[in-house]
Amino acid sequence: MTTSSTIDPAADTAFFGHPRGLYVCFATELWERFSFYGMKYLLLLYLTKYHLFSDANGLEVLGGYAALVYAMPVIGGLLADRYLGMRKSVIFGGLLLVLGHLGMAFEGEQARLVAASVVRDERALQVFYFSLALIVVGVGFLKPNISTIVGRLYAVDDPRRDAGFTIFYMGINLGALLATLLCGYLGVNYGWGYGFGAAGIGMLVGLASFLYGQKHLQGLAEPKQPQRLRERSRLGVSKELTIYLAGIAGVFAAWQMLQFHGAVGVLLNVLALIVALALAWFITFRCNTVERGRMIVLVVLTVSSVVFWSLFEQSAASMTLYADRVMDRRVFGINFTAAQYGFFNSFFIFILAPVFAWLWTSLGRRGLEPGTPIKFALGVALAGLGFGALVLGAATPNEAGLVLGYWMVLAYLLHTAGELCLSPVGLSAVTKLAVPSIVGVMMGAWFLATAYSQHVAAQLSKLAALDADAGLADVGTALASYTELFTTLFYVGLGIAALQLLIAPLLRKMMHGIH
């Protein structure tokens, strides 16, 4: 049953001058991101240290999970837009997320070596994989639709609109900041189940917040054509129930895919090839000169985003293992766990986001603000420089041969600065450069590219994969392996950025007046 307030959204200023519904979305997203980031930085450590996965196998699971998490919102957003509406989609996704995160708290028996073979608790691993699958599908239904609800709370010309999204996105980073500190501490120091369990409790609070605050959404999150949900599908049940059953079927499909290493990668490669061929045909035969130029620029920017996120997402992969194995993690008098270092990304976003907003505005008034291709180049360059910081740190270890944690802080500072150059303008570029008739398709391609970058990030991390017999206990061997990887990523980042800067004038010309 849906309840709605009679207050006009435009006149609702109860939440710091914004509609009450913004608070509902803010709280829901804060706790959803708390749950997501609370387990993200624990995941690879849990697999390699508790279940004794090799680095390569652990990275396959992490990469497959992350890729599916970023791909599923395309489907979840489509189903909500055409059938379910945002409110029902968020509730269904939230329920799956609560079950998934709480299921992660079940550790089972720790893996052990018996006669040089690893004996694992297979029942616990099946619970683990199924829990990940619940999270994947849950994010797909919740993540795109909670953001859409925020947009619906404001009229297009409402002057509060941008500020409302700023407040909403602060909730994302606040949730990530708190989660990496708390869950990263509990998981490493008290037991993995405590870390994952805390993430699950966070998601439960988020779902409760949304259910309690539904009346403040003003009916704006309801389906466009509710009668369609009552129609019978080919299964002989209502279309609404069919969607829920399809979501559960998706959980079982993801459960299997996450266990067969490479399955997600094959799927992404096939999809990427199909999209590339379709775009090549469309650009060649269906675009005029102006549209063709803009679409080519959009494709270049999309490829650039894959490069950036493949570098940036080393944070939960190779950078977390680096912090765990070869780093003196004491920073500013605090002994951080390896899983807590993700905190610095959210922390620096809080610090730097206002600075970048002021910088772009200030440069814009003077006609000096860099265009989108330049901002993308700066983002990729800063990601590369972040790895340069870790390479420098490896050259000056302490007496124990460990890299000082301050170098990791510097790496996160540079990566976050790169994120603020590239991420805020990405979706805007899609809406501006895509041919109007295929904006939705290009938005889906953009999210597919983001998902693909998660897979690429895991494959890159595998270049420095170690196992127990190849030097996990030998700090020098491990440090050399990671330094070789980070050196490569440093040159890749700077090289791609330099190429982007060289072609930036051409790209700007091909944009035909779009800044």
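Biologist: Is C25 buried or exposed?

Modeller: C25 is buried, with a relative accessible area of 0%. Buried means under 20% relative accessible area, exposed over 50% and partly exposed in between, using a 1.4 Å probe and protein chains only. This is a predicted model, where local features need pLDDT of at least 70, side-chain atom pairs count only at pLDDT 80 or more, and totals for chains, interfaces and linings use all residues. Residues are numbered from 1 along each chain as its sequence is written, and side-chain values use heavy atoms, leaving out hydrogens and water.

Biologist: And C421, buried or exposed?

Modeller: C421 is buried, at a relative accessible area of 3%.

Biologist: Switching to helices: at what angle do α1 and α4 cross?

Modeller: Roughly 150 degrees, and the axes of α1 (residues 20-49) and α4 (residues 122-152) come within 11 Å. Axes are lines fitted to C-alpha atoms, for helices over the stretch in contact, with angles from 0 to 180 degrees between N-to-C directions. Helices are DSSP runs (H or I, at least four residues), numbered from the N terminus.

Biologist: What does that make α1 relative to α4?

Modeller: Roughly antiparallel; angles over 145 degrees count as that, under 35 as roughly parallel, 65 to 115 as roughly perpendicular and the rest as oblique.

Biologist: Which residues make the contact?

Modeller: Among them are C25, M39 and Y46 of α1, and F128, L132 and V139 of α4. Contact means heavy atoms within 4.5 Å.

Biologist: How far apart are the axes of α2 and α4?

Modeller: The axes of α2 (residues 55-84) and α4 are 6 Å apart, at an angle of about 40 degrees. That makes α2 oblique to α4.

Terms used
Helices (H or I, at least four residues) and strands (E, at least two) are DSSP runs, numbered from the N terminus.
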